[in-house]
Amino acid sequence: MKDQKQQTYWQETGRWGGYEESYDPQSGVWASSHISYLTFKSLIQLRRTMNTGVTIFDCEEQTLASICEKMVTEMVNKREIRPGDREGVLKSLLQNRSQSDDPESQALTDGGDLQKFSVKERGGESDRVEASMVLVGALDFLERPTVAFVRLKESVVLDSALEAPMPVRFIFVLVGPSKTDMDYHETGRAMAALMADKVFNQAAFQAKNARELTDAVADFMDCSIVIPPTEIQSEAMLTSIISFQKKLLQDRFQTSDSPIQLDSKPRRVSISTGPPPEDPLARTGRPFGGMLRDMRRRYQHYKSDLTDALNAQVLAAIIFIYFAALSPAITFGGLLADKVDNMMGVPELLISTSIQGIIFCFVAAQPVLVIGFSGPLLVFEEAFFAFCKSQGLEYIVGRVWVGVWLVIIVVVIVAFEGSFLVRFISRFTQEIFSILISLIFIYETFAKLGRIFKAHPLILNYDHLNSTIENPWHPKMEETVVYDNVTGNTTVIINTIKPPYPNTALLSMCLMLGCFFIAYFLRQFKNGTFLPGKLRRLMGDFGVPISIFLMVVIDYNIEDTYTQKLVVPKGLMVSNPAKRGWLINPFGEHQAFPVWLMFACCVPALLVFILIFLESQITTLIVSKPERKMVKGSGFHFDLLILVGMGGLSAIFGVPWLSAATVRSVTHANALTVMSKGPKPVIEKVVEQRISGIVVALLVGLSILMEPILKMIPMSALFGIFLYMGVTSLNGIQLWDRMLLLLIPKKYHPDEPYATRVSTGRMHLFTAIQIVCLAVLWIVKSSPVSLALPFILILTIPLRMLMTGRLFTELEMKCLDADDAKVTFEEEPGQDVYCETQMPL
């Protein structure tokens with residue numbers, strides 16, 4: 001390039017951070033990253049010139065000037081350039097990068113086109129980033145094009161070499177006359193793309209001579225795809241290239257697997273080296289062996305669990321996850337209070353979430369998990385309350401003995417390393433349970449709305465309200481005096497009448513649907529193209545709090561219509577102080593609890609344990625997938641003991657037991673994930689630490705002091721969030737996708753193994769079996785024996801084993817029941833964290 005004074009300088013016109021970014025000299029801006037596309041001619045020219053060019057390995061020079069001087073000396077010695085051209089080439093190589101900010105001055109010229117490309121590469125076992133520098137340019141005083149490739153023995157930061165100072169490992173130079181068939185820009189791009197390729201970069205690092213380097217170029221070309229000069233009518237015509245390229249890459253990695261061994265500092269490699277990762281579910285054969293292994297593996301990182309939290313990304317995660325945890329806590333708290341006659345509600349759930357969350361994050365082996373109340377536990381609490389009420393038992397006291405048995409059960413299971421049983425819970429069982437809970441959420445939402453319409457029907461005439469009193473919505477008290485002529489006694493019967501109010505049902509429906517649609521479309525808005533990405537994601541991530549806030553504002557401004565509000569006691573009061581306190585008497589609050597029932601509570605305790613075991617272990621599996629590149633380990637055994645143990649002991653205080661909440665935990669992990677740049681980002685690491693979970697739990701506990709604000713939330717808005725949870729939990733569940741395929745013609749079926757490798761009839765048969773299991777679970781859930789729901793769910797595990805090899809072949813089961821959930825962080829349109837989970841909230 002030349003500046004306004006016609007002085008040549010090196011202009012960085014391309015950079016690779018995994019994908020290519022091109023610089024536009026006219027506008028002075030960098031374009032968005034994209035997949036590199038190379039011309040076949042540039043690869044041929046590159047290979048030809050490298051066969052005769054200069055190659056220097058393990059250069060010990062430490063400055064750009066000394067490196068260039070050694071490079072030019074080798075060019076002269078090898079007769080690639082004339083001795084008289086030595087000073088001219090050296091001077092050109094040492095030209096500074098332009099400091100001009102005027103885009104108009106950055107114009108290409110015919111005789112002095114000097115371009116620079118940079119490639120960033122991250123080490124595999126460290127955070128050290130190394131760069132490769134590619135310099136190409138036309139120097140008219142040269143006779144022919146020549147190249148030089150230099151590998152430094154130690155990567156060094158070269159002054160003024162790159163825009164951002166970073167250690168450089170490789171330097172490639174291509175210079176020659178402008179009047180030649182060499183396209184310097186395209187050939188430079190080709191070399192930069194080679195250096196950005198992990199396999200070639202590794203081969204260049206280990207090459208011992210020039211022949212090995214050119215062989216690596218040939219290997220790169222063997223795995224490149226050439227598109228003939230045919231006009232492409234549409235993007236759809238290119239889709240077949242993806243699968244073809246995947247096969248080429250698979251063959252390439254397999255062939256490069258054996259010969260590549262590292263003999264120097266650790267670098268980023270394309271294959272796995274060293275011993276295989278430890279299986280956290282493998283049994284040790286010793287009592288509590290799995291738990292002790294979890295503790296040893298994690299506690300050695302305890303110091304870094306605290307220091308790694310000194311990160312701006314952790315602060316952003318705290319703010320986001322606080323609302324992600326608070327909204328379900330308030331929603332489930334209000335619904336729980338309604339299900340169990342206000343024996344537990346928002347205060348108990350907030351305090352339980354806070355205290356147990358703080359303890360869990362301090363001592364757990366996987367503190368990235370977010371614990372909270374969930375749909376399956378809500379179903380159990382409703383069923384257990386209905387059972388106790390029908391038998392005339394004290395529900396809150398029965399929970400204490402269920403908690404005692406929970407502690408006993410979890411100690412026995414952890415002692416015998418029972419977490420290995422999670423291996424038998426396949427996608428077949430997970431998805432049936434997920435669909436069931438999602439349908440319960442959706443059904444309960446409309447059932448609640450139906451009750452509001454029943455209590456406040458749409459009628460022609462309503463009773464006139466006295467707007468002069470403080471609370472015109474207060475229920476009416478009607479006294480009936482009954483006189484007994486025989487005894488002369490007078491009986492006064494007081495009836496509480498809640499009259500129907502005008503517009504209550506309609507406003508409640510509008511608040512519910514409004515809250516649902518705002519939250520739902522804000523989530524979709526996050527994946528759109530309107531507004532900058534950060535702002536778009538911020539609005540999408542805070543969609544639930546935004547929707548609740550808007551509905552509160554609307555409800556507050558409509559003063560002449562009654563809506564039921566969230567019941568929140570002031571301060572640390574329990575939800576129903578007339579019937580219980582903060583400490584529950586295990587032998588009975590208002591009546592003696594039968595001794596035989598103390599032992600019989602082991603049955604519901606086993607059911608609760610199954611629910612917590614299923615959800616917590618599956619959540620741990622999802623969060624700890626190898627694709628996430630977590631390095632500090634997980635805690636299948638130890639975390640289960642903490643979770644269930646805390647839940648069992650907390651029953652004495654009359655607060656809900658908790659489990660690892662799937663969607664909240666996945667969201668937390670995603671918020672702490674560091675991604676590479678490019679159109680298809682890959683995971684670099686997860687900021688594994690304890691502080692974010694501790695602070696979020698503390699903030700949730702302090703929210704109990706927000707009683708003046710919480711009591712303004714209309715219950716119908718929370719019903720909308722409940723509907724949102726149910727609908728969004730259906731996303732990413734393969735069973736739901738296959739249920740929709742029952743109504744979709746075969747030609748529109750997706751390109752997925754369960755639809756392409758299995759015949760349509762067999763796929764629909766598998767779906768029908770799952771639907772029948774789902775219907776049986778729904779019938780059990782709606783019957784008086786709803787407490788048996790977890791037992792019936794467990795029966796789907798042997799059913800799946802029975803079908804394999806008898807009703808379906810091994811290949812069909814692999815396609816239909818494989819754990820193929822994809823880990824996605826940079827969300828594509830229509831995809832988000834819900835796509836990753838088979839367990840709802």
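Strand β4, residues 54-59, pairs with strand β7 in the parallel sense, over 4 bridges. Keep in mind that this is a predicted model. Look for Thr55: this residue stands opposite Phe149 in β7.

Now stay on β7. Strand β7 covers residues 146-157. What is its sense of pairing with strand β8, residues 167-176? Antiparallel, over 8 bridges. One partner pair to find on screen: Thr146 has Val175 in β8 as its bridge partner. So much for partners. How many of the 12 residues of β7 are buried? The count is 9, and the strand is mostly covered. A general point about strands: in a regular strand, side chains alternate between the two faces of the sheet.

Next, a helix. α17 runs over residues 543-557, which is 15 residues. From first C-alpha to last, α17 reaches 21 Å. That is close to the 21 Å expected at 1.5 Å a residue. Which residues of α17 are buried? They are Gly543, Val544, Pro545, Ser547, Ile548, Met551, Val552 and Asp555. Here is the general rule to hold beside that list. An α-helix has 3.6 residues a turn, so residues three or four places apart point the same way.

Last topic: empty space. Rolling a probe the size of a water molecule over the atoms shows where such space is left. The structure holds 3 cavities of 30 Å³ or more.

Take the largest cavity. It has about 100 Å³ of space. Three helices each supply at least two lining residues: α10 (312-339), α11 (346-363) and α22 (691-702). Which one gives the most? That is α22, with 4 residues. The lining of the largest cavity includes Ile321, Thr353, Cys361, Gly693 and Val700. By type, this lining has 9 nonpolar residues, 3 polar and no charged.

On to the second largest cavity. Its volume is about 40 Å³. Two or more lining residues come from each of α10, α11 and β9 (371-372). Helix α10 has the largest share here, 3 residues. Among the lining residues of the second largest cavity are Pro328, Leu349, Phe373 and Arg664.

One more thing to find on screen. Ala325, Thr353 and Ile371 line the largest cavity. Ala325, Thr353 and Ile371 also line the second largest cavity.

Conventions: Residues are numbered from 1 along each chain as its sequence is written. This is a predicted model: local features need pLDDT of at least 70, side-chain atom pairs count only at pLDDT 80 or more; totals for chains, interfaces and linings use all residues. Side-chain values use heavy atoms; hydrogens and water are left out. The expected span of a helix is 1.5 Å times one less than its number of residues. Buried means under 20% relative accessible area, exposed over 50%, partly exposed in between (1.4 Å probe, protein chains only). Two strands pair if DSSP finds at least two bridges between them. On a 1 Å grid over the protein atoms alone, a cavity is a set of points where a 1.4 Å probe fits but cannot get out, and a pocket is an open set with protein on both sides within 12 Å along at least five of seven lines; lining residues have an atom within 4 Å of a point. Grid points are joined across faces, edges and corners, and a volume is the space filled by probe spheres set on the points. Ala, Val, Leu, Ile, Met, Phe, Trp, Tyr, Cys and Pro count as nonpolar, Asp, Glu, Lys and Arg as charged, and the others, Gly among them, as polar.
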